[in-house]
Amino acid sequence: PSLVAIFLLPVCFGHQSGQIETLRRTLLSGYEKDAKPDGQVEVKFGIRLTGIDLCPHRQVLKSSGWLTYTWDDERLSWNPDHFGGLDRIRINAKHIWIPDLTFYNMAGEPKSVFSAWEEMTNAVIFANGKVIFVPPQVQKTFCKVNYDNWPWGEQNCTFKVGSWTYDLANLNLQPYLSESNASQDTPVNTEYLKNDNIEIVSTSYSRDEKVYSCCPDEIYPSMTMSVTFKILKQFQDKHLQFP
């Protein structure tokens, strides 16, 4: 099933409601949300776009949609047989460790890519310790505008993301590729894009590892996700509204 379905499918626990409370207390008792799981944590990350608007004057892309994170946290695992057969639980993200991924090309103050939604977004945690976190997002990122044949020329905008503090020994960033769509080969999904005046030409990504002068013994992975699009010519200038 899709990640959205995981959140929306109704689950009837009945008499298990008390088990949910017990399980939540058990998982969070002594849990330190500011401490990452031990060892290298593989974090898969992707972005699903529902809207994009490009401001040609400020060279800023405003995007909306939701993000996808998956990782394993053994501290959040349990035996379902001990909790009435419960194999998953939903816990507000502010109570657990979340990878500190940040858009490096953010137009504004760097911050966690989900911080604005922390109070309202749950993570789904499975009995084996797998965590799936799908927060909504509205972001502004810098995008170098192609002024040739503006506004009809193709535009290529990128989202460069990586951990703000963890090196490769602690966090291995990898692309999230949809488990329900075998043909999706990039972590950028545009199937829910609602902009009728925009045609998506292609999406792609690259993963890089870099050593910074401050920390010669540490390798920092990052991922650059690209979306190439163009404005459809049947929409005249008077219909184009840029922020």
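What is the accessible surface of the protein chain, and how much of it belongs to carbon and sulfur atoms? The accessible surface comes to about 12900 Å², and 48% of it belongs to carbon and sulfur atoms; areas come from the Shrake-Rupley method with a 1.4 Å probe, and for residues only the protein chains shown count as cover. This is a predicted model, in which local features need pLDDT of at least 70 and side-chain atom pairs count only at pLDDT 80 or more, while totals for chains, interfaces and linings use all residues. Residues are numbered from 1 along each chain as its sequence is written, and side-chain values use heavy atoms, with hydrogens and water left out.

View 1. Helices (H or I, at least four residues) and strands (E, at least two) are DSSP runs, numbered from the N terminus. Along the sequence the pattern is α-α-β-β-β-β-β-β-β-β-β-β-β-β. Of the 243 residues, 45% are buried; buried means under 20% relative accessible area, exposed over 50%, and partly exposed in between (1.4 Å probe, protein chains only). Contact means heavy atoms within 4.5 Å. Among contacts between residues at least 6 apart in sequence, 77% join residues at least 24 apart.

**View 2. The largest nonpolar core contains 48 residues.** Such a core is a set of buried Ala, Val, Leu, Ile, Met, Phe, Trp, Tyr and Cys residues joined through side-chain atoms within 4.5 Å. Phe45, Trp71, Ile96, Phe103 and Met225 touch the most other members. Strand β1 (residues 41-55) gives the most to this core, with seven residues. Beyond its neighbours within four places in sequence, Met225 is in contact with residues including Phe45, Ile47, Phe103, Cys157, Phe159, Val161 and Tyr205.

**View 3. Trp66 and Tyr192 form one of the 10 aromatic pairs in the structure.** Rings of Phe, Tyr and Trp (its six-membered ring) pair if their centres lie within 6.5 Å; planes under 30 degrees apart count as stacked, over 60 as edge-to-face and the rest as tilted. The ring centres of Trp66 and Tyr192 are 5.8 Å apart and their planes are at 45°, so this pair is tilted. Because Trp66 lies in strand β2 (residues 60-72) and Tyr192 in the loop between β10 (188-189) and β11 (198-210), the pair ties together parts that are 126 residues apart in sequence. Tyr192 has 41% relative accessibility and therefore counts as partly exposed.

**View 4. Phe103 and Phe159 form a tilted aromatic pair.** Their ring centres lie 5.8 Å apart, with the planes at 50°. Phe103 belongs to strand β4 (residues 101-103) and Phe159 to strand β8 (residues 155-163), so the pair ties together parts 56 residues apart in sequence. Both Phe103 and Phe159 are buried. They also belong to one aromatic cluster, together with Phe45, Tyr69, Trp71, Trp97, Phe133 and Tyr166.

**View 5. Cys143 and Cys157 form a disulfide.** A search of the whole structure finds one such link, defined as a pair of cysteine sulfur atoms within 2.5 Å. The sulfur atoms of Cys143 and Cys157 are 2.0 Å apart, and the link is left-handed, with -80° about the S-S bond. Cys143 is in the loop between β7 (136-142) and β8, whereas Cys157 is in strand β8, 14 residues apart. Both Cys143 and Cys157 are buried.

**View 6. Strand β6 (residues 130-133) runs antiparallel to β2.** Two strands pair if DSSP finds at least two bridges between them. Four bridges join β2 to β6, and Tyr69 has Phe133 as its bridge partner in β6. Strand β5 (residues 122-126) pairs with β6 through three bridges, also in the antiparallel sense. Here the bridge partner of Ala123 is Phe133. β5 and β6 form a hairpin with three residues between them, and Gly129 in the turn has a positive phi of about 95°.

**View 7. The peptide bond from Trp150 to Pro151 is cis.** Its omega is near 5°. Pro151 is placed in the loop between β7 and β8, and Asn149 is found in the loop between β7 and β8 as well. Phi of Asn149 is near 60°, a positive value in a residue other than glycine. Most residues other than glycine have a negative phi, and most peptide bonds are trans.

**View 8. Gln59 has a positive phi of about 55° although it is not a glycine.** Gln59 is located in the loop between β1 and β2. With 28% relative accessibility, Gln59 counts as partly exposed.
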